[in-house]
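Here are a few notes from my pass through this one, meant to be read with the structure open.

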Amino acid sequence: MAIFQARTWLCRSFSTLSSHPLRVCVVGSGPAGFYTAEKMLKAHQEAEVDIIDRLPTPFGLVRSGVAPDHPETKIVINQFSRVARHDRCSFFGNVTLGSSVSLLELRELYHVVVLAYGAESDRELGIPGEDLVGIHSAREFVWWYNGHPDCKNLDPDLKNTDTAVILGQGNVALDIARILLRPATELATTDIASHALAALEESSVRKVYLVGRRGPVQAACTAKELREVLGIKDLCIHLQEADLLKTPKDEEEIKNNRIQRRVYELLSKAATTGPSHPRSGQRELHFVFFRKPDRFLESDEKRGHVSGMHFEKTVLKDVGDGKRIAVGTGKFEDLECRMVLKSIGYKSVPVDGLPFDHQKGVVPNIRGRVLHDTSGDPTLLEEGLYVCGWLKRGPTGIIATNLYCAEETVVSISEDLNLSASKASLPKPGREGLLHLLDNRKVKFVQFSAWEKIDSTETRLGSLKNKPRDKLTTWEELLKVARE
């Protein structure tokens, strides 16, 4: 309540000094961007908010990251659509920060610029063989089955291998395992991309290994996601019972964390209740713990292609403050496979003129205020520049996490506007300036009404196949429909 009252006073204070619109630009139209826009519109009655995105489609990871068999998670799109239709909000799709418009130009056009463009790259393992054919990042694979136009042509070879290894045991890893192992008939009624469904219908993958550096007590997934993958019809679950043995420190960890305790219980139950050997042709899910990737193995028959993984066995070692990390034991083993999916984390990418902490993969900030450099000095702020979402805190949390993240950033914006009300009261070109700049550069941006044409086309095509939508998955298709 105190934060809300303070924010209300700050907004009123700014409004009394300003007779012109407060020009705000949000870069990125995922959850972080839309929550920020919604809160700015509500908090500042004089604000005009423009949301720009490099894609012609809004909603970020809600569209391209959430699994197709999780339609309930996508309902938030309705809320975001109401924000985009607000009379003080505009959406500019197909506008790329850095090439269509620079960060410096945005800062000259707007009083406030909030960067919320997420993480569109991948962490690297940095081990030998990482560039072999058959190795993909989780982001690429997820974008592929969700119809992201950048990954339409990924073409993972599901036909010529019966084994896929997923490095990582978080929720994204479990999503991928579920998509690989669920019967294609069950996916056919989701909004999965048609090219991905066709590939999965002909998939030869029967075994999926989920490999983690630490033990089942430290597994990074949630109980809900784990329960879902364990509940796949006619699936044989494998766990080494020795991996389930708990140390006193494991017991302490479980006692203090309800989610970890529930995950461990589900894994223990799966190890003891299912059949120990699969029937012929039955699909298998193997949970492998205490293994660290050492290198990717190259095929002798097919040069340049992956044929397996070389793992080092690990143990957990205390490093102080109650933390334990996985360290190698010097014992190794191989696992044969022709497909590896690295679910080891997304990574944000910097743009020109933006301070960036390459080690943490985030923009240095204090409560959303962008710092001049990575020194952490709170007095060295980039005036009028803010961050929200993964770019602010790293690639963690669920969709709702961005709600609180946006709240914090908007409170910082309101405080700063009040402190420098005289500067903010000077007029800025905002939307009109952006339109002029894009027109001069012949950038054909996509308005929200044009996205609605794409949306309408996809839902119409989907209805013909008993799907909620049949996604347009190339830049050409998307832009063609948007301009009709």
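1. H70 counts as buried because its relative accessibility is 4%, and the cut-off for buried is under 20%. Bear in mind that this is a predicted model. As for where to look, H70 sits in the loop that links α3 (61-64) to α4 (76-84).

2. What does H70 touch, leaving aside residues up to four places away in sequence? The list is D175, R178, E225 and E228. With E228 there is also a polar contact, side chain to side chain, at 2.7 Å.

3. Three strands make up an open sheet in the order β11-β12-β13, and the pairing is antiparallel. β11 (291-298) and β13 (323-336) are the edge strands: each has a single partner, so one side of each has no neighbour in the sheet. Going from one strand to the next, the twist averages 20°. As background, strands of a sheet pair through backbone hydrogen bonds, and they can do that in parallel or antiparallel fashion.

4. How many bridges join β12 to β13? There are 11, with β12 covering residues 306-320 and the two strands running antiparallel.

5. Last, a distance linking the two topics. H70 and D334 are 264 residues apart in sequence, and their C-alpha atoms are 34 Å apart in space.

Methods: Residues are numbered from 1 along each chain as its sequence is written. This is a predicted model: local features need pLDDT of at least 70, side-chain atom pairs count only at pLDDT 80 or more; totals for chains, interfaces and linings use all residues. Side-chain values use heavy atoms; hydrogens and water are left out. Two strands pair if DSSP finds at least two bridges between them. Helices (H or I, at least four residues) and strands (E, at least two) are DSSP runs, numbered from the N terminus. Axes are lines fitted to C-alpha atoms, for helices over the stretch in contact, and angles run from 0 to 180 degrees between N-to-C directions. Buried means under 20% relative accessible area, exposed over 50%, partly exposed in between (1.4 Å probe, protein chains only). Contact means heavy atoms within 4.5 Å. A polar contact is a pair of N or O atoms within 3.5 Å; within protein, one must be able to donate a hydrogen and the other to accept it, and residues adjacent in sequence count only if both atoms are side-chain atoms.
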